[in-house]
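User: Please look at the structure below and answer a few questions about how its parts are held together.

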Amino acid sequence: MIIVGGTYDEVVVQPDSNDLIGSGVRAAAALSNTSTVEKLITAVDKGTLDEFNLVASALRIKDVEIVRRTERVGFRYMTPISPPSINGIGSLTDGSISVDTQTALIFGMVEGGKLTRKVNAEYIVLDPQKPRDTEPISRRGLKGKLVIVANQSETQQLGDDANEVVAAQNLLYSSGAHAIVTKRGASGCLITFSEGSHLRQEAVGAVPSDRVWPIGSGDMFSAGFAYALDQGRDLVEAAMVGSQTASYWCATRRPDIPLHVLSQVDSQFLTPRPGRVYLAGPFFSAAERWLVETVYEELKALGVEVWSPYHEVGPGEDIARADLDGLDSCDAVLALLDHSDSGTIFEVGWAVAKRIPVVGFGNAVEKEGMKMLGGSSVELHRDLSTACYRAAWAAMGMQTRPGWLTN
Amino acid sequence: MSGSDPSVRRSTGAGMGGGEECAITFETTLASPDPDAVDTVRAGDLLDVESIDSPVSGVVAKVIGGPIVGAIARDILLLRRCLDRGNDYEAEVLRISGGAVTVVVRRR
C-alpha cells in the first residue's frame with residue numbers, strides 16, 4: 001500500500017495539544033505495526049524537515065517520499081469539536097508523484113500548486129478532505145477501482161443533495177466510483193455500491209468509546225478501511241475495520257494501531273436510532289453562550305436532533321414549563337455543569353427522575369458537588385468532546401455509565 | 001469554588017507562548033509502546049525521559065533503570081534541544097488503556 005497525504009501541525013487550545021501529524025502521517029503511523037505500507041508520500045517545507053524526520057522515526061514510518069512545499073501548514077482548533085483555522089493555506093507544491101501498488105490511500109491536501117499525480121492500483125481509496133471545495137472529484141491520473149471515503153458534508157456537496165443517502169447515490173453515478181463510503185461521525189458510516197444492476201446501501205454503526213478525541217478519527221477510519229480492503233475484505237467488512245480503528249484512536253490517541261484492531265472484527269457496533277438530546281446549561285455570560293452554541297452545533301453534526309432551551313425558548317421569566325416539556329421529548333440530556341447553575345441542576349434531577357439518560361460536562365466543577373449526580377445515574381466528564389459524543393450515543397441507544405468517566 | 005479539587009486542571013502556562021522554552025509540560029500518548037514494558041507500569045508511575053540516537057533518533061520514556069516503554073512524538077525537536085542543554089524530564093503515567101500509555105511530560 002502507498003499512502004499520499006499531508007503533514008500538518010494540529011494545535012488545540014483546550015485541552016492543550018500540539019502535534020506535527022496530518023492525514024498522511026497519521027495513516028502511515030496507524031499501519032506501522034503491519035508490513036503493508038510501502039511508502040508515505042507527503043509534502044514538507046525546508047523549515048519543518050528536521051522535526052518531520054524525528055516524528056516519522058518516533059512513529060516508525062520507514063519509507064517516505066517528500067515533495068517540497070513552500071511553507072508550513074497547520075490547523076488550529078479552539079477545542080477538538082470546534083472548526084479549525086488553517087495556517088499556510090497558500091503553501092504550494094510542484095512536480096509529480098507516481099504510485100503503482102495494490103492499494104493506494106490518497107488524502108486531499110491543503111497545499112496548492114501544480115503537483116500532478118499518476119496512480120495505478122487495484123483499489124484507490126480517496127479521502128478528499130475538502131469541505132470547502134465543491135469541485136467534482138477528478139479521476140484524472142487515477143487508474144483502478146475508486147472508493148471515495150467522504151464525510152457527510154462532503155458527500156452532500158459532491159453528490160449535490162441535502163439528503164446524504166441520495167447524495168451518495170448521485171456521487172456514485174457521477175464519479176464512476178466503485179463505492180462511496182460516507183463517514184457519519186457518531187452514527188458510523190454508510191457504504192453505497194453497485195451489485196450487478198442493483199444499488200446497495202449498507203450502514204455500519206460506530207463503536208462507542210469511553211473517551212473521544214475526534215481530531216484525526218476520519219483519517220484513522222480511512223487507514224483501517226484501506227488496510228482491510230488491501231487484505232481482501234469486502235467493502236462492508238472493511239468499513240467495520242475502519243470504524244473500530246477510528247474508535248481505538250478516539251479512545252487512546254495511540255498513533256500505531258494494534259494488529260488485532262486491524263485484523264479482527266469483534267467490536268460492539270452501535271446500531272444507531274434517531275435520537276434527540278436536551279442541551280441543559282446556563283447562558284448568562286458570553287463564555288456560557290459560546291459553549292452552548294459550540295455544543296449545539298457539534299451535537300447536530302453528530303447526527304442527533306438537539307432541543308436547546310436557549311435556541312428553542314430563550315431567556316425570560318415564564319420558561320419552566322416549555323423547557324420541561326422540551327426535556328420530556330428528548331432521549332438523553334447533555335448538561336453543562338460548570339458554575340453549577342441551579343436551573344441546570346434542576347433539569348438534571350428532573351431527567352434522572354424520569355429515567356432519561358444524562359451526560360454531564362464540567363471542566364472546572366468540583367467533584368465534591370457532583371456526588372449526588374454521579375452517585376445516581378449521571379455520567380460525568382471533564383472532557384468536552386467525549387461528553388458530546390457520549391450524549392449523542394446515549395440518545396441513539398447507548399447505555400450510559402454513572403460517575404466520572406473522563407477526569 | 002475553592003480550587004481544592006486536584007482533578008480540576010489549571011493552566012500550567014505551557015503552550016501559551018510565555019516563559020522559558022524548556023519549562024515544558026504536556027500530555028501525550030506514547031507511540032509504538034512495547035507491550036512487555038507496558039505490562040510493568042501502572043498509573044502514577046514516573047518514567048525517565050531520554051534522548052536516543054540509536055536505532056533511530058528520538059525521545060523515549062523508559063522505566064527508571066529499565067526498558068523503553070514508548071516514544072514521545074510531541075514537541076520532539078524542542079525536547080531534544082532542552083535535553084541536550086542538560087534539562088531533566090520525567091513522564092508520569094496518567095492512564096493505560098487498551099495497550100496505550102498516556103503520560104504527562106514535565107521538567108524535574
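Analyst: Buried area is the accessible area (1.4 Å probe) that two parts lose on being put together, summed over both. This is a predicted model, in which local features need pLDDT of at least 70, side-chain atom pairs count only at pLDDT 80 or more, and totals for chains, interfaces and linings use all residues. Residues are numbered from 1 along each chain as its sequence is written, chains are lettered from A in the order in which they are written, and side-chain values use heavy atoms, without hydrogens and water.

User: What is the area buried between chain B and chain A?
Analyst: In contact (heavy atoms within 4.5 Å) are 35 residues of chain B and 26 residues of chain A. Carbon and sulfur atoms give 53% of the buried area, which is about 2,300 Å².

User: Which residue of chain A forms a salt bridge with R74(B)?
Analyst: A salt bridge needs a side-chain nitrogen of Lys or Arg within 4 Å of a carboxyl oxygen of Asp or Glu. The rule finds one across the interface of chain B and chain A. With the closest N and O atoms 3.2 Å apart, the partner of R74(B) is D16(A).

User: Which cysteine does the disulfide join to C22(B)?
Analyst: A disulfide is a pair of cysteine sulfur atoms within 2.5 Å, and the whole structure has one over all chains. At an S to S distance of 2.1 Å, its partner is C82(B).

User: Is the disulfide of C22(B) and C82(B) left-handed or right-handed?
Analyst: The handedness follows from the torsion about the S-S bond. That torsion is about -85 degrees, so the disulfide of C22(B) and C82(B) is left-handed.
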